[in-house]
Amino acid sequence: MRRLPFYIVDVFAEHKYTGNQLAVFREAGTLSDDEMQHIAQEMHFSETTFIVSDRPRNGGFDVRIFTPAEEIPFAGHPTLGTAHIINTYILQRTTDQIILNLKVGQIPVTCQTDGYSWMQQMKPVFGHQHDPEMIAGILNINPSELDERFPIQEVSTGLPFFIVPLKTITALKKVKINKDKYFSFIANTAAKAILVFCPETHNPDNHISVRVFTDYYGVPEDPATGSANGCLAGYLVKYRYFGKDSINIRSEQGYEINRPSLLLLRAEQHGNDINIFVGGKSIVVAQGEFI
């Protein structure tokens, strides 16, 4: 394998060594699927991305996303972090918009000069709702700690997640996945990862606190999950969690695993459609070559 330039980026980070780590590889068009998967296993971040070519195709840059376990069609922090690398190191300028050609389709990303970027996600698809007692058993919490005003539901904006509302941050901190029950449950569901959230926060400047569990993808808990938070944004609007058909909020994640992260969520309902935007800051912390 020839030398491959790569970068390590902290995404949804307010400063270095926070947020979600991402490895981005350039000039990856000669790599096989197996080679990409092995590199993702070697990096062992939540996701690793591969920019197939420094040249755009059909108006966008071809990008593939791998977890340590498998390739996935879409993920949030890899989308923003990869767009930041394209802007900074390939285009070497800040453009109004970059399009990433992902397995899920073309995803536009708006980049700002301050390091913040916004991606527009696909329209949310609301799937099956699930039994609270069964989900409580998977999370190792009491069913009374679930917020019964809102459903437990599968939601997808390209990658499906279970959205689980909790009442308090105490309940959020208590969650510990029962892996036997978890893997038995997801054997017959479209969603494989679980997002739990509550309206109490670690940082009083934020509006909701989130945890995301992704054992199926080889990462027990993810520090910042743009795809899951996009699903959550659609859910919050659909069920009027804040009492209105639009949101513009700050979502915190990763505090329980010492990687505090900040995700900015905007969503608004127009007729039957919900438009979703997820934003955050990307910070490059290292670069080098794979040999």
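Modeller: Let's start with Asp215, which is buried at 14% relative accessibility (buried is under 20% relative accessible area, exposed over 50%, partly exposed in between, with a 1.4 Å probe and protein chains only). This is a predicted model, where local features need pLDDT of at least 70 and side-chain atom pairs pLDDT 80 or more, while totals for chains, interfaces and linings use all residues. Residues are numbered from 1 along each chain as its sequence is written, and side-chain values use heavy atoms, without hydrogens or water.

The partner of Asp215 is Lys179, and their closest N and O atoms are 3.4 Å apart in a salt bridge (a side-chain nitrogen of Lys or Arg within 4 Å of a carboxyl oxygen of Asp or Glu). Asp215 sits in the loop between β13 (208-214) and β14 (219-222), and Lys179 in helix α5 (residues 179-186), so this pair links distant parts of the chain, 36 residues apart (helices, H or I, have at least four residues and strands, E, at least two; both are DSSP runs numbered from the N terminus).

The structure holds 11 salt bridges. Another joins the side chains of Arg259 and Asp10, with 3.2 Å from N to O. Arg259 belongs to the loop between β15 (246-253) and β16 (261-270) and Asp10 to strand β1, so their bridge ties together parts that are 249 residues apart in sequence.

Elsewhere, salt bridges link Asp33, Arg64 and Glu71 into a network.

Now for a charged residue without such a partner. Glu47, in strand β3 (residues 47-51), is buried yet has no salt bridge; Arg259 is the nearest side chain of opposite charge, 12 Å away (Lys and Arg count as positive, Asp and Glu as negative; His and chain ends are not counted). The side chain of Glu47 does make a polar contact of 3.2 Å with that of His77 (N or O atoms within 3.5 Å, one able to donate a hydrogen and the other to accept it; residues adjacent in sequence count only if both atoms are side-chain atoms). Beyond four places in sequence, the residues in contact with Glu47 include Leu22, Ile65, Phe66, Ile72 and Pro78 (heavy atoms within 4.5 Å).

Finally, look at charges beside rings. Lys238 lies over the face of Phe126, 5.0 Å from the ring centre, and Arg266 lies over the face of Trp118, at 4.0 Å (NZ of Lys or CZ of Arg within 6 Å of the centre and within 35 degrees of the ring normal). Phe126 is also part of a cluster linked by ring pairs, together with Phe150, Phe197, Tyr235, Tyr239, Tyr241 and Phe242.

Definitions and conventions:
Phe/Tyr/Trp six-rings, centres within 6.5 Å; stacked < 30°, edge-to-face > 60°.
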